[in-house]
Amino acid sequence: MKKLGVLLLLTGLIMMAWNGYSFWQQTQAVATYSTEKVPEPYKDWDQTAYQQELPIAEKDMTDTKKTPAPEYNTGDKVGTLNIPLIGQQYEVYWGTGIDTLKQGVGMYDSEWTVTPDQSGHVVLAGHRDTVFRQLGKLQEGDHLYVDYEDKTYDYQIRKIWITDEDDRTVIVNKDKPTLTLITCYPFDFIGSAPDRYIVQAELVSAE
Amino acid sequence: MKKLVVAVLVLVTLTGLQIPVFAENHGEPPVKELEQQFYDLIYMETAENYEVEQYDSLDRLEEDMKSIMVWPLADHYLDTYFEERDGNVYLIPTEGPIRLNMDEDYTLEKISDEEYKLTQHGENALRGEYTLTITYSYEAGKWVFGNRMDIVSSSEDGGEMPDTATSLPNAMAFGGALMAAGALLLISRRKRIA
């Protein structure tokens with residue numbers, strides 16, 4: 001009986017330690033900084049008044065249909081996402097499969113979505129408990145910055161909503177340059193959360 | 001009591017340290033085997049007039065196609081590459097689908113327990129640079145082609161939501177529960193001795 005008790009104790013300990021370590025490792029894709037020390041390219045992050053989205057003609061953007069899909073391999077690092085309001089910077093990787101999302105934030109690769117340098121829908125997904133823990137603090141008007149291929153894309157949040165995990169109306173074609181963040185909801189739910197938290201923003205500047 | 005504890009331990013060991021304990025694991029799709037079965041159906045031997053000798057009717061070919069791929073995909077290949085005239089099946093002479101180069105590297109990404117996505121970059125004289133994409137779906141107890149080069153546009157409007165939940169907190173809680181059970185056992189034993 002004593003042996004069993006010790007065995008249970010040890011098994012439990014190993015499970016906690018192993019999973020705790022994986023958990024910690026996954027949170028490492030997020031860098032934090034104080035809102036007083038927001039990096040230069042993101043200095044207008046607190047301007048939450050409505051800004052007009054960038055007209056497509058003004059941007060140095062190529063037509064989606066003409067450009068071939070980028071030659072990334074799944075799991076390649078493609079850029080960073082910055083959210084000064086919560087003082088966080090995330091590494092962004094190509095793809096949203098199970099292994100990619102363990103690395104950090106994933107950029108959705110599909111027939112409906114594009115990379116930030118193209119006019120269309122950019123979708124980023126992240127784990128609720130390790131990466132996108134503070135997404136609930138964002139509000140309409142806040143800014144999201146994506147650094148991609150030496151350019152900074154400034155998106156302003158237009159809409160935040162919660163939907164079912166089976167909703168197929170979120171990841172769709174968009175004509176306007178749009179950024180969508182997806183994570184699980186409820187945030188404090190233990191286990192496979194049944195809903196998704198959606199943050200949708202439009203491009204207001206690119207430089 | 002002892003048996004119960006042993007049973008719990010065996011269960012934990014068998015399912016490994018990963019949770020969810022009860023998720024079904026179908027393994028990876030048999031990429032090469034499926035690929036070969038696909039070519040056997042697409043690149044069939046024909047007579048000089050492109051008559052397919054192996055099949056008398058499109059119905060039988062359709063049946064075989066649908067045993068290795070989802071229906072809309074099978075319909076696409078049947079419509080594109082075959083026709084039936086006077087009770088014979090003919091191959092429509094045209095450029096065949098992009099093949100997977102088995103000697104070159106490819107990435108196989110797990111999308112979910114029921115879906116894997118394969119990508120392979122390649123280049124040839126006919127197509128220039130290209131990216132081959134194949135999706136595998138686990139349907140009715142086996143792996144089949146779910147899509148190839150996005151031929152089947154999904155019946156729904158848009159893409160599937162990524163799986164953004166981790167099971168790590170669950171697994172940690174489960175480990176904690178095991179530790180608590182172990183500690184309880186030890187304490188109760190000590191009390192009995194005292």
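# Exercises on a predicted two-chain model

In β8(A), 8 of the 8 residues are buried, so this strand is largely enclosed by the rest of the structure. A residue is called buried if 20 or more other C-beta atoms lie within 10 Å of its own, exposed if 12 or fewer do, and partly exposed in between, with C-beta atoms placed from the backbone. Helices (H or I, at least four residues) and strands (E, at least two) are DSSP runs, numbered from the N terminus.

The model is predicted: local features need pLDDT of at least 70, side-chain atom pairs count only at pLDDT 80 or more, and totals for chains, interfaces and linings use all residues. Residues are numbered from 1 along each chain as its sequence is written, while chains are lettered from A and ligands numbered from 1 in the order in which they are written.

## Exercise 1

State which strands pair with β8(A), and in which sense.

*Solution.*

Step 1. Two strands pair if DSSP finds at least two bridges between them.

Step 2. Strand β5 (residues 121-125) of chain A runs parallel to β8(A), and 5 bridges link the two. Within this pairing, Thr180(A) of β8(A) is the bridge partner of Val123(A).

Step 3. Strand β9 (residues 195-206) of chain A is antiparallel to β8(A), with 8 bridges between them. Here Tyr185(A) stands opposite Asp195(A) of β9(A).

Step 4. Tyr185(A) is also joined to Pro186(A) by a cis peptide bond, with omega about -5 degrees. Pro186(A) lies in the loop between β8 and β9 of chain A.

## Exercise 2

Describe the side of chain A that touches chain B.

*Solution.*

Step 1. Two residues are in contact if their C-beta atoms, placed from the backbone, lie within 7 Å. On this basis, 54 residues of chain A are in contact with 41 residues of chain B.

Step 2. The elements of chain A that give two or more residues to this side are α1 (2-27), α2 (98-103) and β8 (178-185). The largest share, 17 residues, comes from α1(A).

Step 3. By type, the residues of this side divide into 24 nonpolar, 20 polar and 10 charged. Ala, Val, Leu, Ile, Met, Phe, Trp, Tyr, Cys and Pro count as nonpolar, Asp, Glu, Lys and Arg as charged, and the others, Gly among them, as polar.

## Exercise 3

Compare the span of α1(A) with the expected one, and name buried residues of this helix.

*Solution.*

Step 1. The expected span of a helix is 1.5 Å times one less than its number of residues.

Step 2. α1(A) has 26 residues, and 38 Å is expected; the helix reaches 37 Å from its first C-alpha to its last, which is close to that value.

Step 3. The buried residues of α1(A) include Gly5(A), Leu8(A), Met15(A) and Gln26(A).

## Exercise 4

Which residues of chain B have a positive phi although they are not glycines, and are they buried or exposed?

*Solution.*

Step 1. Asp86(B), one of these residues, has a phi of about 50 degrees. Asp86(B) is found in the loop between β2 (82-85) and β3 of chain B. Asp86(B) is exposed, because 5 other C-beta atoms lie within 10 Å.

Step 2. Ala140(B) likewise has a positive phi of about 50 degrees. Its loop lies between β6 (128-139) and β7 (142-148) of chain B. Ala140(B) counts as exposed, because 7 C-beta neighbours lie inside 10 Å.
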